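Have a look at the model first, and then we'll pick out a few spots.

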Amino acid sequence: MSVNYEQLAADGLEQIGANTSRGQLDQVAQQAAAAGWSYSHFLGRLLEPELAARRQRVIDTCMHFSGLPWIKRLSDFDFSFQPSIDRTLVEELVTGRFMSEGRNVIFQGPPGVGKTHLAIALGLVCSECGHRLLFLTALDLVRRMKTAFAQNRMPHYMKMLTTPKLLIVDEVGYLGLDTQQASLLFQVICIRYEKQLSTIITSNKAFAEWGHVFAGDPIMASAALDRLLHRATVINIKGDSYRMREKRQAGLFPGAVALEPQQKGASTKTKPSHK
Ligand code: ADP
Ligand code: MG
């Protein structure tokens, strides 16, 4: 059976939704005829932009629903300002392997040292791989939980927190949770642990203070930490706030022109998986 151009372009490519290939058909067919391409080479060149466009649509959708507040990349991060961070370890995280291993990442440290920046950089890697992620602050988590509870939509909300390939919970520890909120966070951690889905947490609190985060319940806190840290990379940042540096450089704090990192002790460690 012979296929004419209209059948191929309109009936074929359009019907299967290959609109990018459809748009490029003329050009690629002319190139193929002029250069005497093989059939498989022609097909490959016709499909290449279609596949690229589809990949991009998946990435755009992941980004759209990610909740990422800004775009922050590792290339924008000044490691020389924060010498306590093991750069090689962070560069390894940005390969995305931690997600295929279901490893968690915990960024700890005082305000302004780049915890959220690095968490977002890892989130971007996830969406660029075409995986779903959700970024939210601990405060968002609690607020949305209240709404979900009031609307009788808790199962839906739990699903939202426990199905993405990556969940980033930012600013854990700034506010203490009540018993119900702590129990929700605990359940989320347990379910994601069982499913081997990665979670990134940023916190200004040392693990010893997590009892406060979990409604003053040290048993729940230690059970949550046990799961979180079983397969985890902990990056403990000790240094000065980058925000303050920018303000001092702008002369907002008289007397201090440049700020040098003061605490240079490396305290970045990876807890080995012992499953
Ligand atoms: P934290 O979450 O630890 O409070 P952020 O990640 O929000 O800090 O960082 C505060 C601001 O400073 C952000 O705009 C971030 O991009 C920037 N920043 C922090 N550390 C660095 C760094 N080492 N290099 C470049 N920008 C940085
Ligand atoms: Mg932050």
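Start at ligand 1: one of its oxygen atoms sits 3.1 Å from an N or O atom in the side chain of arginine 243, a polar contact (a pair of N or O atoms within 3.5 Å). The protein covers 88% of the 550 Å² of accessible area that ligand 1 has on its own (Shrake-Rupley method, 1.4 Å probe). Threonine 116 brings a polar side-chain atom to 2.7 Å from an oxygen atom of ligand 1, and a polar backbone atom of glycine 112 is 2.7 Å from an oxygen atom of the ligand.

A word on ground rules: this is a predicted model, where local features need pLDDT of at least 70 and side-chain atom pairs count only at pLDDT 80 or more, while totals for chains, interfaces and linings use all residues. Residues are numbered from 1 along each chain, chains are lettered from A and ligands numbered from 1 as written, and side-chain values use heavy atoms, without hydrogens and water.

Now for helix H8 (154-162); helices here are DSSP runs of H or I, at least four residues, and strands are E runs of at least two, numbered from the N terminus. Its buried residues (under 20% relative accessible area, 1.4 Å probe, protein chains only) are Tyr157, Met158, Leu161 and Thr162. Seen down the axis of H8, they fall within an arc of 125° (taken from the axis to the C-beta atoms), so they line one face of the helix. Pro155 and Lys159, on the face turned away, are exposed, that is, over 50%.

How values were computed
Contact means heavy atoms within 4.5 Å. A polar contact is a pair of N or O atoms within 3.5 Å; within protein, one must be able to donate a hydrogen and the other to accept it, and residues adjacent in sequence count only if both atoms are side-chain atoms.
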